[in-house]
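Take a look at the structure below. The text that follows leads through it step by step.

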Amino acid sequence: VNSDIPKQYTFEYPACSDASALSFRVVPLSENVVISEGAYTSDVNPAHMKNVNLALAICTYRREDYVARNINMLREEVFNKENSMLHGHIASFISDNGNTLQQSDFSDEHIHLFANKNSGGSGGFSRAAIEALRANDFHPTHIILMDDDISFNVYALERAFSFLRIIKDKYQVSMLGGAMFRMDKRSIQHASGEKQTVQGIISDKAGYNMFNIVDVLRNEVEERVN
């Protein structure tokens, strides 16, 4: 391609059904090349897209600053942004196991806070999920379990939302799992599916570097987890 002004280009991927992964490389032919943005896209018949509503079930215990930061980000990027693809399709349900959050800060039509006894992660997530299913003003099709101290961006939720809208019927009951990355070295994976054994918790994919193509391919191998 060659253009002196900003221009959008679309390239089709070849049909490679036997490939483990597809990638591309951009090679600049001069020193003045600028790529402003890029995306993978697909043409999907709207009639085939599923209705998806995501309930974010957050369990927290005295992590006030983390929860406030993430909720404020959702307010700015989704709840108060009508042109967001997630607007109207997402709501948060917070189980406060520490009873330290203020209702006035975390309660509106999109955010629901519930004081809960300190019943651990399983009890907190269960309470948030139950309240999401009880809600009168929101009817979730999926519930996403989220730790209180995570750092994430809206794009992760947009990808999950888009994926669930076009998922094939045979995968409807499958669980969509996320991965955990290090905060100090964000390309290094800490865990992606784990096994609880008598020796303790085993993570087969800890330490993978997502800048390394070999690790990326190894990461796609399905492992048994529980």
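**Starting from a residue in a helix**

Leu 74 is in contact with Leu 56, Phe 79, Phe 152 and Leu 157, leaving aside its neighbours within four places in sequence. This is a predicted model. Leu 74 sits in helix H1. Is Leu 74 buried or exposed? Its relative accessibility is 1%. Buried means under 20%, so Leu 74 counts as buried. Now look along the chain to Ser 23, which is 51 residues apart from Leu 74. The C-alpha atoms of Leu 74 and Ser 23 are separated by 31 Å.

Next comes the sheet. In what order do its strands lie? The order is E3-E2-E1-E4. These four strands form an open sheet, and their pairing is parallel. Strand E3 covers residues 111-115 and strand E4 covers 142-147. Both stand at the edges, and each has a single partner strand. One side of each is therefore left without a neighbour in the sheet. From one strand to the next, the twist averages 20 degrees.

Look now at one pair of strands. Strand E2 spans residues 90-96. Five bridges join E2 to E3, and the two run parallel.

Helix H1, residues 64-79, touches strand E1 (54-60), E2 and E3. The direction of H1 makes about 165 degrees with that of E2. Helix H3, residues 154-166, also packs on the sheet. H3 touches E1, E2 and E4. Its direction makes about 135 degrees with that of E1.

Turn to the loop between E2 and E3. His 110 lies there. What does His 110 touch? Not counting residues up to four places away in sequence, it touches Phe 79, Ile 90, Ala 91 and Ser 92. His 110 has a relative accessible area of 15%. That value is under 20%, so His 110 is buried.

Which residues make the nonpolar patch? Tyr 13, Leu 22, Phe 24, Val 26, Val 33, Ile 35 and Tyr 40 make it. The patch has an area of about 740 Å². Val 26 is one of these residues, and it is found in the segment before E1. The relative accessibility of Val 26 is 48%. Exposed means over 50% and buried means under 20%, so Val 26 counts as partly exposed.

Notes
Residues numbered from 1 in each chain as written. Predicted model: local features only at pLDDT ≥ 70, side-chain atom pairs only at ≥ 80, totals over all residues. Heavy atoms only, no water. Pairing = 2+ DSSP bridges. Axes fitted to C-alpha atoms, helices over the stretch in contact; angles between N-to-C directions. Contact = heavy atoms within 4.5 Å. Patch = residues over 30% accessible without salt bridge, like charges linked within 9 Å, V, L, I, M, F, W, Y side chains within 5 Å. Areas by Shrake-Rupley, 256 points an atom, 1.4 Å probe, with all protein chains shown as cover. Salt bridge = Lys/Arg side-chain N within 4 Å of Asp/Glu carboxyl O. Buried < 20%, exposed > 50% of the residue type's maximum accessible area, 1.4 Å probe, protein only.
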